[in-house]
Amino acid sequence: MTVPMAILAFLEDRPAHGFALKQRYDGLLGHERELKSGQVYSTLARLERDGLTRGVEIERGEGPDRRVYAITDSGVAELEHWLRTPHAANARPTELFTKVVLALVSGREAGPLLEEQRAVYLKRMRQLTAARHDGDVVDRLAGDYEIAHLEADLRWIELAAARMSDVASRIHGRAEGMP
Amino acid sequence: MSAVLSGHGLGLAFGPTTVLHDVDIALDPGEIVAVLGASGSGKSTLLHVLAGLLRPDAGSVELDGRRIDHLADRERSELRLRRFGFVFQLGDLVPELTVVENVELPLRLTGVARRLARSQAMEILADLAVADVAARRVNEVSGGQAQRAAVARALVHRPAVVLADEPTGSLDTVTGELVLEAFVRAARAVGTAVLLVTHEARVASWASREVQLRDGCVVAPATTS
């Protein structure tokens, strides 16, 4: 979802060809995951088909000719709608939660796996903190986002570790009651 | 590298309650180490023992390889003044003095000239974005500003060791980072070793390693290679 919306936003800023859009995406939003050219062109084709962008000119240069795209009024409306629609809170428990429950169900201790996961998260946090001066302010903002989420995960690990014996007895109580 | 500050087999009990049990810890110059642990795990007590504010029942504390835990009070005070910086949870600034007078105190007490002390104090207050309240009395500034003043005072005399107990506890994330940046700068520029007591992973991630305490004992860290 974010790639088409990113392209619409870039095009609302100014008309551009596919390669320039890819470069802008990678520079601002890529963060260790660059956009594939194929995806740019297939997205542009879909956006044009849906009337959200249109080709405005052919830029002739040294290489192959490049089609320059602009956003349409429907494209602006679509982007506006997406930006202004808050996304639903979606903090569903993750794989780690499942692992903890399954470790307990299968008669294992969950403490060690929590401790190991904690070490991995803390190590990543340390890397992000150490790299805080590496990129520009946009990279920093992306790093801050990840740090804040790791912080939440680490806090959950702390709570889980503290409640482990209660959780274990609940799980086993329930399992025994099952047919 | 040899440790600037180390504790060996530290033990301490308050009455029947064991607060520290056989704790080993060592800080190299320029190193930032986080002490993590839940409330009551012994973090603050460890800091007080390393600072020479509490005498351990067992074990020893060494500064530059020289035992300091059994020195006389006067000698320990002198060491604390010259070689240590402290940030305690309830910033123990002198309420009768202004912010900048508090910060320059460690310099003035060791004979640094007034003007030089003032300029160094102002410089570090500026780093911590509290230069604008330098002339106010401590009770006229916010808790967060007082905490940053306490950090400034702990760093102003370029100590060998800073012991900091929840130094970002009353600060928002952005201001907290100013404090942590100041510790990193001191560690890099002057080789100050920083021991950072915290319960926050975000703060601990500024350290190069962590020591975890549980019920007064050091917990072996999980391996992350």
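The structure is a predicted model. In chain B, the residues with the most contacts to other members of the largest nonpolar core include Leu196(B) and Phe183(B), while in chain A two antiparallel strands, S2 and S3, are joined by six bridges.

**Nonpolar cores**

- The largest nonpolar core holds 63 residues, and the members that touch the most others are Ile32(B), Val103(B), Leu125(B), Leu128(B), Leu155(B), Phe183(B) and Leu196(B).
- Leaving aside residues up to four places away in sequence, Leu196(B) is in contact with Ile32(B), Val33(B), Ala34(B), Val35(B), Ala164(B), Pro167(B), Leu180(B), Phe183(B) and Val203(B).
- In soluble globular proteins, nonpolar side chains tend to be buried together.

**The strand pair of chain A**

- Strand S2 of chain A covers residues 53-59 and strand S3 of chain A covers residues 66-71, and the two form a hairpin with six residues between them.
- Within this pairing, Arg54(A) has Ala70(A) in S3(A) as its bridge partner.

**Glu78(A) in helix H4**

- Glu78(A) lies in helix H4 of chain A, which spans residues 73-84.
- Glu78(A) counts as partly exposed because its relative accessibility is 35%, a value that falls between the 20% limit for buried and the 50% limit for exposed.
- Apart from residues up to four places away in sequence, Glu78(A) touches Met5(A), Leu8(A) and Leu52(A).
- From Glu78(A) to Arg54(A) the separation is 24 residues in sequence and 14 Å in space, taken C-alpha to C-alpha.

Conventions. Residues are numbered from 1 along each chain as its sequence is written. Chains are lettered from A and ligands numbered from 1 in the order in which they are written. This is a predicted model: local features need pLDDT of at least 70, side-chain atom pairs count only at pLDDT 80 or more; totals for chains, interfaces and linings use all residues. Side-chain values use heavy atoms; hydrogens and water are left out. A nonpolar core is a set of buried Ala, Val, Leu, Ile, Met, Phe, Trp, Tyr and Cys residues joined through side-chain atoms within 4.5 Å. Buried means under 20% relative accessible area, exposed over 50%, partly exposed in between (1.4 Å probe, protein chains only). Contact means heavy atoms within 4.5 Å. Two strands pair if DSSP finds at least two bridges between them. Helices (H or I, at least four residues) and strands (E, at least two) are DSSP runs, numbered from the N terminus.
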